[in-house]
Amino acid sequence: MGSADSKLNFRKAVIQLTTKTQPVEATDDAFWDQFWADSATSVQDVFALVPAAEIRAVREESPSNLATLCYKAVEKLVQGAESGCHSEKEKQIVLNCSRLLTRVLPYIFEDPDWRGFFWSTVPGAGRAGQGEEDDENARPLAESLLLAIADLMFCPDFTVQSHRRSTVDSAEDIHSLDSCEYIWEAGVGFAHSPQPNYIHDMNRTELLKLLLTCFSEAMYLPPAPDSGSINPWVQFFCSTENRHALPLFTSLLNTVCAYDPVGYGIPYNHLLFSDYREPLVEEAAQVLIVTLDHDSATSASPTVDGTTTGTAMDDTDPPVPENLFVNYLSRIHREEDFQFILKGMARLLSNPLLQTYLPNSTKRIQFHQELLVLFWKLCDFNKKFLFFVLKSSDVLDILVPILYFLNDARADQSRVGLMHIGVFILLLLSGERNFGVRLNKPYSVRVPMDIPVFTGTHADLLIVVFHKIITSGHQRLQPLFDCLLTIVVNVSPYLKSLSMVAANKLLHLLEAFSTTWFLFSAAQNHHLVFFLLEVFNNIIQYQFDGNSNLVYAIIRKRSVFHQLANLPTDPPTIHKALQRRRRAPEPLSRTGSQEGASMEGSHPAAPAEPGTLKTSLVATPGIDKLTEKSQVSEDGTLRSLEPEPQQGSADGGSASGVGDGASWSGETGQVWREQRRLSSASTSGQWSPTSEWVLSWKSKLPLQTIMRLLQVLVPQVEKICIDKGLTDESEILRFLQHGTLVGLLPVPHPILIRKYQANSGTAMWFRTYMWGVIYLRNVDPPVWYDTNVKLFEIQRV
């Protein structure tokens, strides 16, 4: 039958379904078979031929027909899984049912009255009418569907290569088949790489799309503050009920990490061959991150110290979370597996960077956000992986792409989520000493980025990019400033030698953040000054010797420190500063920072095109909730510090009349916007700065070390200049390089590290961000578009 005919028949069936007011019997096969038996319709056809309005009409006006359609489609998938899909006809039926369910499911989820439908049991509908398995028949429809999808993922000659050579009597029994021998790709726990087969890839992609649609019920529930909401679809699929859980987890992970978009090392190869792998890899990455959406704050995340090497997973039994995918991920421990995962991640994350200096040489991948979520999950659930990443300078192959994305997205309102996840990953890494140490490696890769040219280390790159985000990103990034500076504080004790460019950037930030109008215009702004002073103190106390550039920059900008020490606290001056604030609405002036020419070949960071769709995000917790303070002992070990109110360098702000709530940064920078409206104390009921409040934190500014440094060095530097009539900085820098402050500075303070700690606030943020990415990235076919999602709002820039 020709494709046009089958489309016509399929469309006729849909029209009949929407116009029949009487229930059609489930036994009326002649009617139901029209939907899947003889049609060769692509998934795009199904979306075009089954309009949203008609699905909703059937749902409202003849619900029993919609229910029967779902039952029958699931039943066909179950039959296909039972029989092993040997004939072409069976394969076609499975694909058609899969496409139809992908189309219909979102409309079932969007209606609260239908939400329990797939979890209800209907006698005799659970299996293909086989009376002998009465207990089996009581399975809820959702479970039958999920188990059928899992079986179909390892169906010889349909989704995997058959291992049988002869065709006579070779039906591999799908029930006795050990799917661990049919893992899709070599990598973790599997050494054999099957021959690529694009038909199998396409079939897997369709089934994964259906699976992802099953999981997407989460999009139709509003964000719950307790984040305890378990997704029943994911929970069942990742449980011991699914006998393919391990091989499927491994197949998904290996398929993603083994993917090479370059086209087997041949540049421009993607222009000659269509890549059937990429849609599969994208789908696999999306399914993987959804199955791993598991709140580690509420369940003890298993950290394993077993050293068994025989298997890919540790044998020591950690407290097993219910979710097997999380369990398997947390138990990967072999070095070669970690190497495979890290190399694959780095290769894929660097792909857009390759693009910039060899345009079109490789296929540009678009799923970097999913990869970043996956990388986050790996580090969060598997501490051994985190330590492996930080053990060598390979971590820099992840850092550079993240900095590239952050810099590239800084002006684009639709990519706020990408900015957050990049910063969260760097915050997580910065809690480990090794990360700071690795940053000292010289930065020689010249990825074209819209930043000033500099010669230096990866630490310089990080500081220069962070400065660019803070001074030329858009307003909604304000809530991230605390995080960005916390990362710099965490790595600062280990930075051996900052370049002059990076040193100047840090001082420019201090200058911008310590103006009176900025300090007085919001309850939390002074924290940023505390963070920067902490950075300078760490470097002066622990890395003075190599950091003459920073010391020189501090001496040049010494007036900033004197102004801070003499910050006015009287009401008239506070009032005046805020009046001035009214006239200068720029959040941070760029004056005073010599912007050098940007790197060759780079493009300025562009704002979103008007009309770009974006999804809303929930607020992220403030830095005090996001991190936990630890002190570094003499031997380098960390000791957790119990949070003490009113203590610690950056926490002086809680003395104000503002409760903890003020440190929660609203997703649209609500707090920031609110506080920008606070031009004076007259606004009724609004927060406004008082003398007491300023005094409460001014007295805690950690200025002693820097004041002592200035006291000792400034006279010496001035003397050199007068004696030699110098205006040349190289001579001064030479003097500073050989100078020493041993015995002249206050006793070194203990190093404070603020380590990321899992909490339900970030778990909820990750859930909304991840589903928002999946919603926006699935446009062909538009699985969820124009359905009534509740987890986030769809907005236009």
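Tutor: H34 gives the most to the lining of the second largest pocket, with 5 residues. This is a predicted model, where local features need pLDDT of at least 70 and side-chain atom pairs pLDDT 80 or more, while totals for chains, interfaces and linings use all residues. Residues are numbered from 1 along each chain as its sequence is written, and side-chain values use heavy atoms, leaving out hydrogens and water.

Student: What makes something a pocket, and what is the volume of the second largest pocket?

Tutor: On a 1 Å grid over the protein atoms alone, a pocket is an open set of points with protein on both sides within 12 Å along at least five of seven lines, and lining residues have an atom within 4 Å of a point. The volume here is about 880 Å³, meaning the space filled by probe spheres set on the points. Of the 40 lining residues, the closest to the centre are His-368, Asp-408, Asp-412, Arg-415 and Leu-418.

Student: Which elements give two or more residues to that lining?

Tutor: Among them are H18 (396-409), H19 (416-430) and H34 (760-777). Helices are DSSP runs of H or I with at least four residues, strands are E runs of at least two, and both are numbered from the N terminus.

Student: How do you know that H18 and H19 make contact?

Tutor: Contact means heavy atoms within 4.5 Å. Residues that make it include Leu-399 and Phe-405 of H18 and Leu-418 and Met-419 of H19. By class, this contact has 11 nonpolar, 1 polar and no charged residues; Ala, Val, Leu, Ile, Met, Phe, Trp, Tyr, Cys and Pro count as nonpolar, Asp, Glu, Lys and Arg as charged, and the others, Gly among them, as polar.

Student: What is the angle between H18 and H19?

Tutor: About 145°, with the axes 9 Å apart. Axes are lines fitted to C-alpha atoms, for helices over the stretch in contact, and angles run from 0 to 180 degrees between N-to-C directions.

Student: Where else do two helices pack?

Tutor: H5 (residues 63-83) and H6 (residues 88-109) pack at about 140°, again with axes 9 Å apart. Their contact has 13 nonpolar, 3 polar and 2 charged residues.

Student: Why do we say that S2 and S4 pair?

Tutor: Two strands pair if DSSP finds at least two bridges between them. S2 (residues 627-632) and S4 are joined by 6 bridges, so they count as paired, and they run antiparallel. Glu-628 stands opposite Lys-755 in S4. The open sheet has the order S3-S2-S4.

Conventions. 1 Å grid on protein atoms, 1.4 Å probe; cavity = no way out; pocket = protein on both sides within 12 Å on 5 of 7 lines; lining within 4 Å.
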